[in-house]
Amino acid sequence: MAKECIKCGAANSFTKNVVFINIKGEEYCTKCADEYIAKAISGILITTTNNIDGYTVNKYVDIESVEIVVGTGVFSEFTGEVSDFLGSRSSAFEQKLQKAKQAALDALRYKASENGGNAVIGIDLDYTEFSGNRIGVVANGTIVLLTKI
Ligand SMILES: [Zn+2]
């Protein structure tokens with residue numbers, strides 16, 4: 001039997017190429033997977049501090065770490081003037097880093113939702129440089145279950 005999206009029923013055909021993402025053993029198309037993840041993380045609070053005003057930590061679930069690796073591109077393409085580098089090119093690079101940072105935080109929130117937490121506290125973001133013009137954004141945090149005071 002051909003694979004199909006568990007939610008919307010999308011399947012591969014001669015005219016359509018569906019990319020599937022496996023979530024907990026179920027196959028989702030990318031659109032439904034995005035919706036699933038967006039819903040899962042929507043209620044998850046994140047903070048760099050160790051507590052959130054108005055809430056108390058009910059349970060420490062786990063310490064998690066996620067890493068998003070991005071190609072910088074900008075460095076290998078860099079041949080022009082410094083002003084060029086500091087201008088549009090650096091802002092394109094910053095946007096890339098911003099996106100990677102957001103993806104790392106979303107991944108932490110997703111892990112929280114999957115593991116019975118409702119917040120990630122004490123978040124720490126680090127950037128690591130790899131060879132081949134790649135940069136990794138590493139996000140660490142503690143998944144907790146908070147309750148309102
Ligand atoms: Zn679908």
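Two strands are taken to pair if DSSP finds at least two bridges between them. In this predicted model, β4 and β6 meet that condition, as 15 bridges join the two strands. Strands β4 and β6 run antiparallel. One of the facing positions is I68, which stands opposite V137 in β6. In general, strands of a sheet pair through backbone hydrogen bonds, and the pairing is either parallel or antiparallel.

Strand β6 also pairs with β5. Strand β5 covers residues 119-130 and strand β6 covers residues 134-148. These two strands are antiparallel as well, with ten bridges between them. Facing positions here include I121, which stands opposite T142 in β6, and L125, which stands opposite A139 in β6. Strands β5 and β6 form a hairpin with three residues between the strands. In this hairpin, G132 takes a positive phi near 75 degrees.

These pairings belong to an open sheet of four strands, in the order β3-β5-β6-β4 and with mixed pairing. The edges of the sheet are β3 (45-46) and β4 (55-71). Each edge strand has a single partner strand, so one side of each is left without a neighbour in the sheet.

The model also contains a zinc ion, for which the protein donors are the SG atoms of C5, C8, C29 and C32. These donors lie 2.3 Å from the zinc ion. Along the chain, the donors follow the spacing C-x2-C-x20-C-x2-C. The four donor atoms subtend angles of 101 to 116 degrees around the zinc ion.

A residue is classed as buried under 20% relative accessible area and as exposed over 50%, with partly exposed in between. C5 has a relative accessible area of 2% and is therefore buried. C32, at 3%, is likewise buried, and C29 counts as buried at 8% relative accessibility. C8, in contrast, has 46% relative accessibility and so counts as partly exposed.

A disulfide is a covalent bond between the sulfur atoms of two cysteines. A search of the whole structure finds zero disulfides.

Conventions:
Residues are numbered from 1 along each chain as its sequence is written. This is a predicted model: local features need pLDDT of at least 70, side-chain atom pairs count only at pLDDT 80 or more; totals for chains, interfaces and linings use all residues. Side-chain values use heavy atoms; hydrogens and water are left out. A disulfide is a pair of cysteine sulfur atoms within 2.5 Å. Buried means under 20% relative accessible area, exposed over 50%, partly exposed in between (1.4 Å probe, protein chains only). Donors are N, O and S atoms within 2.8 Å of the metal (3.2 Å for Na, K and Ca); water is not among the atoms, so sites may look incomplete. Four donors count as tetrahedral if all angles lie between 85 and 135 degrees; four count as square planar and six as octahedral if opposite donors are over 155 degrees apart and all others between 65 and 115; anything else is irregular.
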